[in-house]
Amino acid sequence: MELISNPTSDEIKKAAKALKDGHLVAFPTETVYGLGADATNEKAVSRIYSVKGRPTDHPLIVHISSINQLEKWAIEIPEYAIKLAQEFWPGPMTLILKRSELAKDFITGNQVNVGVRVPVHPVALELLSEFKKLGGLGIAAPSANRFGAVSPTSGFDVQEEIGNYLDNTDQILDGGKSLVGIESTIINCLSDTPVVLRPGFVTLEDIASIAGFDVKMVGSTNAIKAPGMLPAHYSPRAKVVTQGLAIQGEGFLALASIKTPEGAIRLASPLTVDQFAKQLYESLRSADHIGLTKVVVVPPDGNGLAMAIRERLNKAAKS
Ligand code: TXA
Ligand code: MG
C-alpha cells in the first residue's frame, strides 16, 4: 500500500487507473476519507467489505463526478431531488434514489435503492473525472475505517485504520484534513417529500428551503439498512459520555467557551460548531492515542450541524 501526500495530477491519474484495474484507492473528501473501488466491479467492491470488516448486506454510496452522471445510477428521480443536487452538489450530501440496472445488489446491499453523491474535495473531484475519462462510471466508497470505528479525517488516520488490510497495489491519497469532519447528510428521496436518514453539514433547514417541503428526520429504527444508522457506531476505544463532568485524567471536549474541569485532559477547544464537527473525530482518535479510557464531551446546542454532531456522539456513546 502506498500513501501519497498531496497527489499531483499525474499521481491522481495513476490512482484512477489503479481503480479501473480493480484495486482500492482511499481518497480525501470534504466530509471524511473514503475507501474507493470501481462501483461496477464486484470483485473490487467485495474487497471493500473485507478490508472494512463490514457485513455485506450494508449498501455503499456511489460517488460520481457530476450531476450529469446521476441518471446512469438512478431512475424515477423526483424533481425535488434534482433541485437538491443542483444546489448542494458538489458537496456533503448523499441522495437515496431508486436504482438503475447499473446499481447491482453488491452495491445496494440487495435493496432497490442506491445512494449517490458528488463530493467537493478537489482531489476527489479530479480522481472522479480521471476515472470517468477511463470509462469509469462511479466510485463506491464507504468511510475508510474498520466497521463501527471512527471515520478517518486524514490520510494518516486511514493508514492507521486499514493500512494493514490493504494490498501493496492499493493506494491512499492524502489530501489534508477533511474540512467538514463528519459524514455527508443522507436524504431518502423515495417518497413524496425528502426524509433525512443521517444529519450532516447540509441541514434540514437547507433542504427544506430548496426542496420546498417540510423535511422529516428519522432515527435508527427505520427500515432501510444503513450501518451509520445502527445505534452504536463511530466509536473510539475510549468510552464516550455526554453527561457529567470529566475528572482527573479523563478526556474532555467542549466548545472553547466551556472551561476544562480540573485535572481533565482537554482534547480540543473548537470556537464554533463548524470547528467542533471538524475536530470531533480527530479528538476521539487522539484520546485513543493517549490511551484514555473515558472522554466526556459537552455536545453543542442548536439545530443544523450541532444536531448532526449530537447524533454522532449519541451513537459513539452507545458502545
Ligand atoms: O460523507 C460520506 O458520506 C462518506 C464519504 C466517503 O463520502 N461516506 C460514508 O459512507 O459515510 P459509509 O458507507 O460509511 O456510510 C454511508 C451510509 C451507510 O449508513 C449506508 O448504509 C448508507 O449510507 N447508504 C448507502 N446506500 C444506501 C441505500 N441505498 N439506502 C440506504 N442507505 C444507504
Ligand atoms: Mg461509515
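A crossing of two helices is left-handed if the near helix is turned anticlockwise from the far one by less than a right angle, and right-handed if clockwise. Helices (H or I, at least four residues) and strands (E, at least two) are DSSP runs, numbered from the N terminus. The model is predicted: local features need pLDDT of at least 70, side-chain atom pairs count only at pLDDT 80 or more, and totals for chains, interfaces and linings use all residues. Residues are numbered from 1 along each chain as its sequence is written, chains are lettered from A and ligands numbered from 1 in the order in which they are written, and side-chain values use heavy atoms, with hydrogens and water left out.

**View 1. Helix 9 passes helix 10 in a left-handed crossing.** Two packed helices are described by the angle between their axes and the distance between the axes. Here the axes of helix 9 (residues 273-290) and helix 10 (residues 305-317) come within 9 Å and cross at roughly 25°. Axes are lines fitted to C-alpha atoms, for helices over the stretch in contact, and angles run from 0 to 180 degrees between N-to-C directions. Helix 9 is therefore roughly parallel to helix 10; angles under 35 degrees count as roughly parallel, over 145 as roughly antiparallel, 65 to 115 as roughly perpendicular and the rest as oblique. Helix 9 contributes V273, D274, F276, A277, L280 and Y281 to the contact, and helix 10 contributes L305, A306, I309, R312 and L313. Contact means heavy atoms within 4.5 Å. By type, the residues of this contact are nine nonpolar, no polar and two charged. In this division Ala, Val, Leu, Ile, Met, Phe, Trp, Tyr, Cys and Pro count as nonpolar, Asp, Glu, Lys and Arg as charged, and the others, Gly among them, as polar.

**View 2. Helix 4 and helix 8 cross in a right-handed way.** The axes of helix 4 (residues 79-88) and helix 8 (residues 204-211) come within 9 Å, at a crossing angle of roughly 120°. The two helices are therefore oblique to each other. On helix 4 the contact involves Y80, K83, L84, E87 and F88, and on helix 8 it involves D206, I207, I210 and A211. Six of these contact residues are nonpolar, none is polar and three are charged.

**View 3. Helix 4 has buried residues on one face.** Y80, A81, L84, A85 and F88 are the buried residues of helix 4. Buried means under 20% relative accessible area, exposed over 50%, and partly exposed in between (1.4 Å probe, protein chains only). Seen down the axis of helix 4, these buried residues fall within an arc of 140°, so they line one face of the helix. The arc is that of the directions from the helix axis to the C-beta atoms. Strand 6 (93-99), strand 10 (185-188) and helix 8 pack against the buried residues of helix 4. E79 and Q86, on the other side of helix 4, are exposed.

**View 4. The buried residues of helix 7 (residues 155-162) are G155, D157, V158, E161 and I162.** These residues cover an arc of only 155° around the axis, which puts them on the same side of helix 7. Their cover includes strand 1, strand 2 (25-27), strand 3 (34-38), helix 2 (42-52), strand 9 (171-174) and helix 9.

View 5. Most residues other than glycine have a negative phi, and most peptide bonds are trans. N6 is exposed, with a relative accessible area of 58%. The relative accessible area of E76 is 61%, and the residue is exposed. P90 belongs to the loop between helix 4 and strand 6.

**View 6. I48 in helix 2 is buried, at 0% relative accessibility.** Leaving out residues up to four places away in sequence, I48 touches L24, L35, G36, A37, L60, A140 and P142. I48 and A37 are eleven residues apart along the chain, and their C-alpha atoms are separated by 7.2 Å.
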